[in-house]
Amino acid sequence: GSMAAESESSSCTLCSMGTYMALVNATACHDCGVGKFVAKVGSIAETACARCPEGAYQALEGTSTCVYCASGKFNPVEGSSVCIDCAAGKYQTKTGQFLASACIHCVAGSWSNETAASSNSSCMRCVPGKYSTEEGSAADDTCQPCLEGQYAEAYGATACLGCPAATYSRRGSATCLACFSDSQAAERSAECLCNAGFGLSATAAARFDGSHCTACPAGKYKAS
């Protein structure tokens, strides 16, 4: 547990914390390996080097302490030289965590491609017009566009709402648009239909909002 200095000193020096020596007549002490530590001086066996506990690590040799895993990481085993990153789509706010379950899923309606995230601010919300029902999403392609006749006006939507009557929407819409006065639409419509007595003229360009509807000329009719 001590070593003889290589100088002309007549005294032996205790092995420092983080080191040990089992042999007599030694001129140096051995370092405890990575993932281990010893917090006392004069250790005489490698077994004095304790393994870092779960939730902590030590990447260096010859140390007297271990380091808690940072937020966004965890370590489920003793004697580790590294901690494990929380996967993309998750985050973790506390230090010293040892369970993978400590990593929290981004909520439905959001996603994150960041690993080792330490805050839910890493979770990006789906943009208006899209939604997601999946927790722990790691990519923005989990945010799906709303179907025709539906909308999602807020960030982070977990579902789309149906457009009310007299309005319409196209795929991926954040809002519903009103039909023109000469047209109408049922709930959840993708387009507005001309009212009775109104139709699409042969020269009009098709539009979804009903603005293409014109009154039937004399000699023609449209019942619905």
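**Salt bridges, a ring contact and a surface patch**

The side chains of Lys-73 and Asp-85 meet in a salt bridge, with 2.4 Å from N to O; the term denotes a side-chain nitrogen of Lys or Arg within 4 Å of a carboxyl oxygen of Asp or Glu. Lys-73 belongs to strand β9 and Asp-85 to strand β10, so the pair ties together parts that are 12 residues apart in sequence. Strands here are DSSP runs (E, at least two residues), numbered from the N terminus. Lys-73 is partly exposed, at 26% relative accessibility, and Asp-85 is also partly exposed, with a relative accessible area of 33%. On this scale, buried means under 20% relative accessible area, exposed means over 50%, and partly exposed lies in between (1.4 Å probe, protein chains only).

The model is a predicted one, in which local features need pLDDT of at least 70 and side-chain atom pairs count only at pLDDT 80 or more, while totals for chains, interfaces and linings use all residues. Residues are numbered from 1 along each chain as its sequence is written, and side-chain values use heavy atoms, with hydrogens and water left out.

Side chains of opposite charge can pair when their charged atoms come close. By the rule stated above, the structure has three salt bridges. One of them joins Glu-78 to Arg-51, whose closest N and O atoms are 3.0 Å apart. This pair links distant parts of the chain, 27 residues apart: Glu-78 is in the loop between β9 (73–74) and β10 (84–85), and Arg-51 is in strand β6. Glu-78 is partly exposed, with a relative accessible area of 42%.

Arg-170 forms a salt bridge with Glu-148, and here the closest N and O atoms are 3.0 Å apart. Arg-170 is in the loop between β19 (167–168) and β20 (177–178), whereas Glu-148 is in the loop between β16 (144–145) and β17 (150–151), 22 residues apart. Arg-170 also lies over the face of Phe-208, at 3.6 Å from the ring centre. For such a contact, NZ of Lys or CZ of Arg must be within 6 Å of the ring centre and within 35 degrees of the ring normal.

Leu-14, Met-17 and Val-41 make a nonpolar patch of about 280 Å². Patches consist of residues with over 30% relative accessible area and no salt bridge; like charges are joined within 9 Å and nonpolar side chains (Val, Leu, Ile, Met, Phe, Trp, Tyr) within 5 Å. Val-41 is in the loop between β5 (36–37) and β6 (50–51), and its relative accessible area is 47%.

Notes:
Accessible areas come from the Shrake-Rupley method with a 1.4 Å probe; for residues, only the protein chains shown count as cover. Helices (H or I, at least four residues) and strands (E, at least two) are DSSP runs, numbered from the N terminus.
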